[in-house]
Amino acid sequence: MKSALLTYLSFCLIVFLNLRVQKSKSESIKNGAELYRDFCYRCHGFNGEGQSDLIPPLKSSDYLLNNIDLSIAGLKYGLKGEIIVNGKSYNSYMAYQGLENDEIADIMNYILNEWGNNSEEFITSARVDKVEKSILK
Ligand code: HEC
């Protein structure tokens, strides 16, 4: 009886500690907003609108919203060659921005949920770890 209680208490403790270690989605988005201002806005704009024919938008981007792993791969390894965003072709280059995987996760959570973008997904650093370069053509 005593040991059952102890087992139960240690189970509660483990659950509690795990909840504390895992960053919440809103914390991740907040962090991502700051990183966006440092690393992305000069090209993609404060409102995620992109720039003319050269830089694709992030706001309402079907590429971003429908290809989450491809977007992660672009940030992790750089993105080059033709892509289609909202029916428009872009054929340019985005260098790897020097971000760690947990920073990429935070920025993804921000851009997936800003400017009217809305995603159910919660991107974690573990997911970014798993994305391989080979998925980019
Ligand atoms: C020097 C300019 C530049 C910077 C800085 C930059 N990008 Fe890009 N980004 C581009 C270009 C150009 C493309 C299109 C590449 C191509 O044509 O293959 C692109 C494509 C993308 C795409 C996929 C297409 C889309 O519009 O959905 C995403 C997502 C993206 N960038 C997010 C980011 C994020 C997040 C950051 C900050 C960490 C960032 N970019 C920083 C220039 C930039």
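The paragraphs below lead from the overall fold of this predicted model to its nonpolar core and then to the surroundings of its ligand.

The secondary structure of the protein chain consists of seven helices and two strands, and, read from the N terminus, these elements follow one another in the order α-α-α-α-α-β-β-α-α. The radius of gyration of the protein chain is 18 Å, well over the 14 Å that the globule rule gives for 137 residues, so the chain is more spread out than a compact globule. Along the principal axes, the C-alpha trace spans about 70 × 30 × 25 Å.

The largest nonpolar core holds 17 residues, of which Ile-72, Ile-104, Ala-105, Ile-107, Met-108, Ile-111 and Val-128 touch the most other members. H5 and H6 are the elements that give two or more residues to this core, and H6 gives the most, with six residues. Leaving aside residues up to four places away in sequence, Ile-72 touches Ile-104, Met-108, Val-128 and Val-131.

Turning to the ligand, 28 residues surround it, and the closest are Cys-40, Cys-43, Pro-56, Ser-61 and Met-94. The elements that contribute two or more residues to this shell are helix H3 (41–44), helix H4 (62–66), helix H5 (68–77), strand S1 (79–85), strand S2 (88–94) and helix H6 (101–111). By residue class, the shell around the ligand divides into 18 nonpolar, eight polar and two charged residues.

How values were computed. Residues numbered from 1 in each chain as written. Predicted model: local features only at pLDDT ≥ 70, side-chain atom pairs only at ≥ 80, totals over all residues. Near = placed C-beta within 6 Å. Helix = DSSP H or I, 4+ residues; strand = E, 2+ residues; numbered from the N terminus. Nonpolar A, V, L, I, M, F, W, Y, C, P; charged D, E, K, R; others polar. Rg over C-alpha atoms; globule rule 2.2 N^0.38 Å. Core = buried A, V, L, I, M, F, W, Y, C linked by C-beta atoms within 7 Å. Buried ≥ 20, exposed ≤ 12 C-beta atoms within 10 Å, placed from the backbone. Contact = placed C-beta atoms within 7 Å.
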